[in-house]
Amino acid sequence: MAAVAVAGAATAQVSVTGALGFGWEGVSPAVGGSETGIKVTDGNVKFSASEDLGGGMSVLTAMDIQSRGRDTTIAGRDASITLVTGFGGFTLGAVEAGNGILGLGGAGAPVIGLDGNTAGTGSGVLDGGVNVNIAKYSLPLGNGIGISVSRTDSAAALRGPNAGNTYGATYSMNAISAALDYTDAALLKRTRVSGSYDLGVAKLGAGYQTRKASTAGVGTFGAGTNKQTVLGVSAPYGAFTFGLNYATNKQSTRNVSNKGTEVGVSYALSKRTNVYAQMQSVTIGTGDASKTTRVKMVTSF
């Protein structure tokens, strides 16, 4: 890899980054009862390269690989190629289309994360990520404003059952960040809006999603109207960062209401290494709450 980097130094810049985390986790109740133990919580290696094409154009390439130690599967994660031009960026990739409101709405709190509800009704609180192939055009307009349009489809086939287009806008200036997007897909129509405000002593975040799915989408999304909200706060204090997230998920046709609360604190041992203590409580419908406690150390490189 070093030889490749040197050979291409005249035209390209290559970097290798990643992270590894290990900790203790307890979940109650779990299938068959409570579970506790030690586990690898984080582990990935990312290869990135940039190439100057001249004339104000460049190509950015990234490939992420999940690797979490012995007896675990090596798995592909996000991979993309972006052509940067004077009139916007064009991205092609196979990526995880993650939760669209948690990034800003969660305020960067050091918590486990309340996303993971891929069925939309009964396996978590907020929607989780979906693997897709994507073609995206992004254009910065200046003054912190950007717009984008993207086409997504199933990552496992040329055309999946829920291909669609997403139209988005972002704003980031000084202490304020905001995002808005609308998705028009084969099985659903979805609107998401989220934002955060950095007060200095703390960052506040909020997000809201509404989604209408057709009957044909029952198996994947749950037919009818689904509404999701998240509120978040994070506050730094020296080497510590404290955080809190609260989220809800309401499905009209099945009259299901999920909610979750989580708190967390991180301590920076260095610029690359952090220790976390995290607690999460999730209630699915009228069922009993499940609780997760996690202590871990994560280092990046």
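Mentor: We begin with the classes: Ala, Val, Leu, Ile, Met, Phe, Trp, Tyr, Cys and Pro count as nonpolar, Asp, Glu, Lys and Arg as charged, and the others, Gly among them, as polar. We shall apply them to this structure, which is a predicted model.

Trainee: How do you know which classes the lining of the second largest pocket has?

Mentor: Sorting the lining of the second largest pocket in this way gives nine nonpolar, nine polar and eight charged residues.

Trainee: What makes up the lining of the largest pocket?

Mentor: There the lining has 50 residues, and Ala97, Gly98, Thr152, Arg190 and Arg192 lie nearest the centre of the largest pocket. Among the elements that each supply at least two lining residues are strand 8 (164–173), strand 9 (176–185), strand 10 (188–198) and helix 2 (102–105). By class the lining divides into 18 nonpolar, 24 polar and eight charged residues, and the volume of the largest pocket is about 1400 Å³.

Trainee: How do you know that strand 8 and strand 9 pair?

Mentor: Pairing requires at least two bridges between the strands, and strand 8 and strand 9 have ten, so they count as a pair, running antiparallel. One of the bridges links Thr170 to its partner Ala179 in strand 9. The two strands form a hairpin with two residues between them, and Asn174 in the turn has a positive phi of about 55°.

Trainee: In which sense do strand 9 and strand 10 pair?

Mentor: Strand 9 and strand 10 pair in the antiparallel sense over nine bridges, and Asp184 stands opposite Lys189 in strand 10. These two strands also form a hairpin, with two residues between them.

Trainee: Why is Thr183 called buried?

Mentor: The word applies under 20% relative accessible area, and the value for Thr183 is 6%, so Thr183 is buried.

Trainee: Which residues is Thr183 in contact with, leaving aside its neighbours within four places in sequence?

Mentor: Thr183, whose place is in strand 9, is in contact with Asn165, Thr166, Leu188, Lys189 and Arg190 once those neighbours are left aside. Thr166 lies 17 residues from Thr183 in sequence, yet their C-alpha atoms are 4.2 Å apart in space.

Trainee: What makes the link between the side chains of Thr183 and Thr166 a polar contact?

Mentor: A polar contact needs a pair of N or O atoms within 3.5 Å, and the side chains of Thr183 and Thr166 meet at 2.8 Å, so the distance falls inside the limit.

Trainee: How do you know that strand 14 has a place beside strand 13 and strand 15?

Mentor: Strand 14 (residues 256–268) pairs with strand 13 (residues 240–251) in the antiparallel sense over twelve bridges, with Val263 in strand 14 as the bridge partner of Leu244. Strand 14 also pairs with strand 15, again in the antiparallel sense, over ten bridges, and here Glu262 stands opposite Gln280. A hairpin of four residues joins strand 14 to strand 15.

Note on methods: Residues are numbered from 1 along each chain as its sequence is written. This is a predicted model: local features need pLDDT of at least 70, side-chain atom pairs count only at pLDDT 80 or more; totals for chains, interfaces and linings use all residues. Side-chain values use heavy atoms; hydrogens and water are left out. On a 1 Å grid over the protein atoms alone, a cavity is a set of points where a 1.4 Å probe fits but cannot get out, and a pocket is an open set with protein on both sides within 12 Å along at least five of seven lines; lining residues have an atom within 4 Å of a point. Grid points are joined across faces, edges and corners, and a volume is the space filled by probe spheres set on the points. Buried means under 20% relative accessible area, exposed over 50%, partly exposed in between (1.4 Å probe, protein chains only). Contact means heavy atoms within 4.5 Å. A polar contact is a pair of N or O atoms within 3.5 Å; within protein, one must be able to donate a hydrogen and the other to accept it, and residues adjacent in sequence count only if both atoms are side-chain atoms.
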